[in-house]
Protein chains: 2
Amino acid sequence: MKVTTKTKYALLSLSEFDREEKIISIRQLSEKYSISKKYLERIFCDLESCGIVEGKRGPKGGYKLSKPPSQITLKDIIESLEKEVKVMDCEGIRLQCPFNKNCRIIPFWKTLNKLIEDYLGSVTLEQILRKEVVDGSKS
Amino acid sequence: MKVTTKTKYALLSLSEFDREEKIISIRQLSEKYSISKKYLERIFCDLESCGIVEGKRGPKGGYKLSKPPSQITLKDIIESLEKEVKVMDCEGIRLQCPFNKNCRIIPFWKTLNKLIEDYLGSVTLEQILRKEVVDGSKS
DNA sequence: TATAATACCTACTATTAAGGTAGGAATTAT
DNA sequence: ATAATTCCTACCTTAATAGTAGGTATTATA
């Protein structure tokens with residue numbers, strides 16, 4: 001029930017891109033956050049293939065956002081990096097349970113999945129940059 | 001970002017206990033849901049050590065709930081079986097990120113953790129038994 | 001009081017996913 | 001030409017998941 005370090009590192013890194021035009025290299029990010037350069041490369045390849053960032057090669061190259069931060073949600077980011085975003089998927093390929101149709105648990109898993117999905121979809125990178133995500137754990 | 005099969009099997013099994021007094025054996029549950037008997041045993045040991053069920057040995061033995069279903073939340077169950085309930089814990093032991101104090105991401109993780117925790121704490125086993133958990137994915 | 005059914009306990013094993021590393025090829029500003 | 005970058009593929013190590021195996025302790029009941 002944990003999010004992987006890929007997502008953790010991606011969010012930290014992406015929080016440096018405060019404008020759509022800003023170009024930052026993997027080396028800079030790797031040094032600032034003490035994250036393995038090679039690992040970050042792989043993370044940004046994933047982000048690129050999902051249309052979140054664009055790479056530019058050569059000196060002064062690096063990555064930039066392919067959309068303004070206001071149009072990138074955390075759902076987009078997490079879906080690029082996590083194998084499975086749903087916390088539990090009883091209807092996937094390997095459904096071992098023979099009671100799927102009348103299962104009393106499935107509605108609960110669906111609701112939980114949707115709760116998470118909706119929240120992730122509602123938070124944008126811009127909100128994080130501006131510290132607009134209220135810390136709900138204190139309320 | 002997935003819940004383990006332990007929790008999946010536990011919920012399926014616990015959904016058979018519709019009264020606090022009802023005693024069901026591992027064998028019965030294992031046969032009904034085609035879950036490994038040995039694995040289920042281990043799951044129920046965890047549930048017992050967290051005070052959710054009580055075992056009774058001997059013939060006609062088995063497990064029963066140690067509280068009425070209305071007083072058992074899914075949070076209780078999941079916390080008994082999952083190593084980590086928080087989706088991301090930046091403040092745990094292995095905090096590699098040197099920017100914890102001023103991190104712009106932490107409030108987001110906290111909010112997400114709390115969202116999940118609150119939901120899990122709000123759903124009782126009784127609600128699941130009575131199919132009172134609305135499938136939120138359709139709305 | 002023997003038997004059989006159950007929970008309970010500890011150690012082991014196999015598979016998969018996470019979290020990286022390594023080595024290079026392609027591109028491009030200077 | 002060079003050096004800095006992204007981009008690509010394969011590999012490695014560790015830890016967690018998902019079980020198995022083999023037994024011991026307890027207890028209803030015949």
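Between chain B and chain A, six residue pairs are in polar contact, both residues at pLDDT 80 or more. A polar contact is a pair of N or O atoms within 3.5 Å; within protein, one must be able to donate a hydrogen and the other to accept it, and residues adjacent in sequence count only if both atoms are side-chain atoms. On the side of chain B that touches chain A, the elements giving two or more residues are α1 (5-14), α2 (26-33), α4 (74-81), α5 (106-122) and α6 (125-129) of chain B. The largest share, eleven residues, comes from α5(B). By type, the residues of this side divide into 28 nonpolar, nine polar and twelve charged. Here Ala, Val, Leu, Ile, Met, Phe, Trp, Tyr, Cys and Pro count as nonpolar, Asp, Glu, Lys and Arg as charged, and the others, Gly among them, as polar.

This is a predicted model, in which local features need pLDDT of at least 70 and side-chain atom pairs count only at pLDDT 80 or more, while totals for chains, interfaces and linings use all residues. Residues are numbered from 1 along each chain as its sequence is written, chains are lettered from A in the order in which they are written, and side-chain values use heavy atoms, with hydrogens and water left out.

The contact (heavy atoms within 4.5 Å) takes 49 residues from chain B and 49 residues from chain A. About 4,900 Å² is buried between the two chains, and carbon and sulfur atoms give 70% of that area.

The largest nonpolar core has 88 residues, and A:Phe108, A:Trp109 and B:Phe108 have the most contacts inside it. Such a core is a set of buried Ala, Val, Leu, Ile, Met, Phe, Trp, Tyr and Cys residues joined through side-chain atoms within 4.5 Å. Not counting residues up to four places away in sequence, A:Trp109 touches A:Val87, A:Met88 and A:Cys90, and also B:Val3, B:Thr7, B:Leu11 and B:Ile78.

Chain A has six helices and two strands, in the order α-α-α-β-β-α-α-α from the N terminus. Helices (H or I, at least four residues) and strands (E, at least two) are DSSP runs, numbered from the N terminus. Of its 139 residues, 47% count as buried. Buried means under 20% relative accessible area, exposed over 50%, partly exposed in between (1.4 Å probe, protein chains only).

Over all chains there are 24 salt bridges, with two between chain B and chain A. A salt bridge is a side-chain nitrogen of Lys or Arg within 4 Å of a carboxyl oxygen of Asp or Glu.

| Salt bridge | N to O distance |
|---|---|
| A:Lys2 and B:Glu84 | 3.9 Å |
| B:Lys2 and A:Glu84 | 3.9 Å |
| A:Lys38 and A:Glu41 | 3.8 Å |
| B:Lys75 and B:Glu79 | 3.6 Å |

B:Lys2 is partly exposed at 36% relative accessibility, and A:Glu84 is partly exposed at 24%. A:Lys38 and A:Glu41 both lie in helix α3 (residues 37-49) of chain A, three residues apart. A:Lys38 is exposed at 62% relative accessibility, whereas A:Glu41 is partly exposed at 29%. B:Lys75 and B:Glu79 are four residues apart in helix α4 of chain B, so about one helical turn separates them.

Notes:
Buried area = accessible area lost by both parts, 1.4 Å probe.
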